[in-house]
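Please look over the predicted model shown here before reading on.

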Amino acid sequence: MTDISCDTSFARRDLLKGGGALIVGFSLAGIPLPASAARGDMAGPPDPDAIDTWIAIHADNTATVYFGKCELGQGNTTGMLQIAAEELDLAMSQISAARLDTNVTPNQGATSSSSSIERGGPQLRAAAAEARRALLALASRRLGVQINSLVVTDGVVSVDGEGSFRAVKYGDLIGDKPFNVKFTGTAPQKPSSRYKLVGTRVARVDLPDKMSGRYELVHHLRVPNMLHGRVVLPRGQRAFGAGARPLAVDEASIRHIPSARIVRKGDFVGVVADNEWDAVKAAQALKVTWQEGPELPGNANLFTQMRGQKTTDTVIANRGDIAKGFAGAAHVRSSAYFCPYQGHLPFGPNCALADVRADGALIRSSTQDVYNARAMLARVLDMPAEKVRVQYYEGSGTFGRSCYEDAAQAAAIMSQAVGRPVRVQYMRWDEHGWDNYGPAHLAEVRAGVNAEGKLIAYEYHGWQHGWTVTSTIQDIALQKPGVERASGSASITVNPMSTGSMYVVPNRRVISHAVPMEGYLRGAALRSPLDLSFAFASEQTIDELAYALKMDPLEFRRRNIGDKRWLGVLEAAAKAADWKPRVMASPRSSAEVVRGRGIGLGTHHVSYGAAVADIEVNQRTGVIVARHLYGALDCGLAVNPAQVESQIVGQMIQSASRVLKEEVLFDKHGVTSLDWESYPVMRFAEHPAVTPVVVQRIEEPATGAGEEVMGATVAAIANAFFDATGARLRQYPMTPERVLAALAART
Amino acid sequence: MSDIKIKVNGRESTVSVDPDTPLLYVLMNELALRGPRFGCGLAQCGSCSVLLDGVEVRSCVTPVSKIAGKSVTTLEGLPALYAEQKRLAQAPALHPVSQAFLDRQAPQCGYCYNGMTVKAAELLAQNPKPTEAQIRAHMNGHICRCGTYPLILEAIQLASTRMAGDVR
């Protein structure tokens with residue numbers, strides 16, 4: 001066993017003799033290549049205005065599409081291929097997607113915020129339209145007819161009305177040769193009325209291999225001469241900013257594992273070994289004395305500390321005169337709401353494979369953004385970004401920024417130190433304990449209605465810290481404090497879309513109180529960031545006003561909505577659930593198990609979500625079981641309604657899990673919920689049935705579909721609890737303990 | 001290190017590993033199988049599940065030395081096992097459970113589907129016509145973080161119906 005970071009005698013050339021074959025087949029980044037260089041020979045991103053960046057037509061009349069949005073398990077690859085095939089008039093069987101790769105694929109930004117179809121789709125559609133026009137120009141010359149007389153079916157261009165009499169395949173026009181054509185910006189795009197593939201229930205292209213076991217996930221990658229690595233971190237993260245500083249590393253503690261070696265860089269500690277089990281054992285056995293960090297508030301004092309701290313305040317929305325509005329209200333309801341830290345916690349802990357050499361690095365990772373990953377890796381490795389190549393391999397569903405950058409950076413650091421490829425997988429406690437959690441949130445909401453049942457005043461105050469832009473491994477390896485994304489008014493704020501924007505309110509104020517991340521847990525965007533919290537607080541307040549008016553909550557919302565699309569999803573969810581108008585919590589039952597039904601609205605950015613929840617509450621045990629959830633989503637043009645339905649199902653189950661069960665536990669020292677027992681999630685036996693409803697609007701632009709029913713679901717469940725019991729729960733997760741306390745406090 | 005004989009998907013092989021190595025790491029590394037995968041290492045989640053003489057076990061906590069004389073079936077071996085159970089002349093391309101998951105377009109990321117498939121195949125071999133409550137109870141040790149439980153449930157019911165039509 002040796003400490004590799006200090007060992008310069010390690011004979012790198014010998015290693016290359018043994019394992020050098022691995023690197024043949026890709027040219028390392030940064031080497032100048034002639035213009036005719038093969039795709040992938042140079043560091044990207046390639047020119048986004050060149051057709052060749054996006055599309056290659058092969059001699060066999062198939063196409064490869066190059067786009068920059070990752071398949072995270074949400075099915076976006078299928079949707080992107082539908083968009084490209086539609087515009088090119090190809091069949092789905094003729095088109096496939098290239099692996100995301102910083103030497104190959106265009107930079108379309110992060111695959112986040114449900115933006116693949118919304119923002120990535122139009123770019124790809126434009127590229128496909130440009131390619132189609134270029135192909136038609138070639139066909140026009142070949143066939144000797146005007147472009148406007150040509151039609152295309154499954155990549156065969158023919159003269160309109162002549163059948164196959166005069167026809168040529170795309171593949172025969174350009175097969176495997178570059179277009180060498182820039183975007184004109186004027187290529188006509190197909191009107192939605194002529195869509196054949198877009199808007200249909202195309203089967204997902206990745207599922208056959210996923211079901212047979214042939215699909216290659218990042219976890220499956222193995223290369224010759226590879227070592228297995230594991231990170232060594234304290235069990236459970238400490239306060240953000242404190243990092244993890246090893247005071248002493250006891251090398252003797254892993255001497256019994258002969259192939260294991262310690263790798264250190266700055267404060268980073270890892271182990272590598274010839275086989276995986278040795279690496280796992282060594283990471284667990286290695287004795288490290290860690291410096292104690294500053295104290296955390298722990299769950300017990302979290303909200304008191306947040307509420308009492310000096311904050312940076314931003315007015316997010318300010319309309320009318322809030323004081324005047326409340327003065328004229330017939331009913332006012334106000335309350336504080338408490339929402340926990342929650343984890344991303346991909347089911348398969350993050351994994352990466354790195355091969356770092358003096359002249360360049362290749363890292364395979366399940367990042368959400370290959371170009372950002374490259375920039376971060378370049379900093380960690382102290383290499384120019386052009387010498388770092390990142391290839392995307394799918395991991396397991398991440399739902400935002402879990403520890404994928406950490407796994408990639410840990411693998412890269414260790415590969416650089418030992419001069420061999422290193423595969424790192426996080427252990428369950430690493431992933432649970434060192435996540436960039438979805439931040440906790442504290443809300444104070446007040447709203448008022450007039451006697452006619454119209455909302456006339458709405459005020460939302462939200463406290464939360466922001467997200468980190470760095471990663472744990474980067475911070476500790478470079479011994480720099482973590483960086484929070486911007487600060488002040490540019491930090492993560494209350495989302496105005498999720499806080500009353502669905503209603504017409506003449507006097508509305510939304511204020512964000514930014515708490516600094518220092519001294520809290522590391523935060524990052526978790527699927528539908530904070531929208532679950534906003535909806536939990538906001539939509540319960542709305543429901544309370546309906547109750548104050550003795551009005552059906554569906555009817556109350558209907559009266560206060562001004563937008564037909566909000567109304568559309570509300571009615572769609574209510575119809576699916578066969579909603580019967582009534583005043584909530586009437587009659588109230590003293591039975592052991594009582595049922596309740598609730599309704600709620602929510603969104604993330606643009607799309608519209610509505611939900612109805614049927615739940616049961618055991619008034620003796622405090623256990624809530626969600627029985628049936630109905631969710632309606634209007635995401636404009638649903639490119640693949642079957643996949644949007646699947647997303648609604650997943651969102652609703654995950655939201656039920658989050659509002660009923662999930663909470664990061666931590667004390668003053670650090671995070672203590674390190675596995676699926678201490679951080680429970682929804683299980684199979686207790687899952688509700690879900691009825692998804694897609695409100696298809698072919699004529700509207702496609703907007704996000706992966707997050708927008710989550711807030712509504714949480715709200716509907718919270719409101720159903722009131723219906724069942726006549727009590728309000730103002731803190732989630734809605735655990736039996738909190739349920740029993742709320743029931744005991746009932747008047 | 002010891003030489004340990006194992007039988008996986010009907011094939012015998014000898015692996016040279018520490019006897020305390022969990023079966024999972026042998027399946028993933030020595031045998032390069034892609035079905036069983038690491039999820040927690042604590043037998044809490046079911047992503048590493050395999051069948052041991054037809055009974056689902058968590059390979060992440062099963063030492064390879066403890067499976068001597070037993071037959072391991074992974075996701076990859078389920079079609080052949082099904083053919084054997086049903087006395088079919090030829091193994092189908094996919095086990096009926098996998099086929100139903102595919103036809104129902106149930107998975108999202110699909111990481112948990114190794115365990116879901118293995119566990120559902122175990123159930124339907126023991127109880128070809130399970131009730132919904134029986135499916136829920138049987139599958140309860142398997143977590144799906146994407147939240148596709150309702151689709152998994154439907155697909156298992158579909159597979160059950162279809163399997164009734166296959167000759168035994």
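In chain A, the buried residues of α10(A) pack against β9 (261-265), β14 (351-357), β15 (360-365), β16 (388-392), α11 (404-418) and α13. This is a predicted model, in which local features need pLDDT of at least 70 and side-chain atom pairs count only at pLDDT 80 or more, while totals for chains, interfaces and linings use all residues. Residues are numbered from 1 along each chain as its sequence is written, chains are lettered from A and ligands numbered from 1 in the order in which they are written, and side-chain values use heavy atoms, with hydrogens and water left out.

**Helix α10**

- Because 9 of its 12 residues are buried (under 20% relative accessible area, with a 1.4 Å probe and protein chains only), α10(A) is largely enclosed by the rest of the structure.
- The buried residues include A:Tyr371, A:Arg374 and A:Leu381.
- At the start of α10(A), a side-chain oxygen of A:Asp369 comes to within 3.2 Å of the backbone nitrogen of A:Tyr371, and just after the helix A:Asp382 adopts a positive phi of about 55°.

**A:His465**

- A:His465 lies in the loop between β19 (455-464) and α13 (472-477) of chain A, and its relative accessibility of 2% makes it buried.
- The side chains of A:His465 and A:Tyr341 are joined by a polar contact of 2.7 Å (a pair of N or O atoms within 3.5 Å; within protein, one must be able to donate a hydrogen and the other to accept it, and residues adjacent in sequence count only if both atoms are side-chain atoms).
- The side chain of A:His465 also reaches the backbone oxygen of A:Leu521 at 3.3 Å.

Note on methods
Helix = DSSP H or I, 4+ residues; strand = E, 2+ residues; numbered from the N terminus. Buried < 20%, exposed > 50% of the residue type's maximum accessible area, 1.4 Å probe, protein only. Contact = heavy atoms within 4.5 Å.
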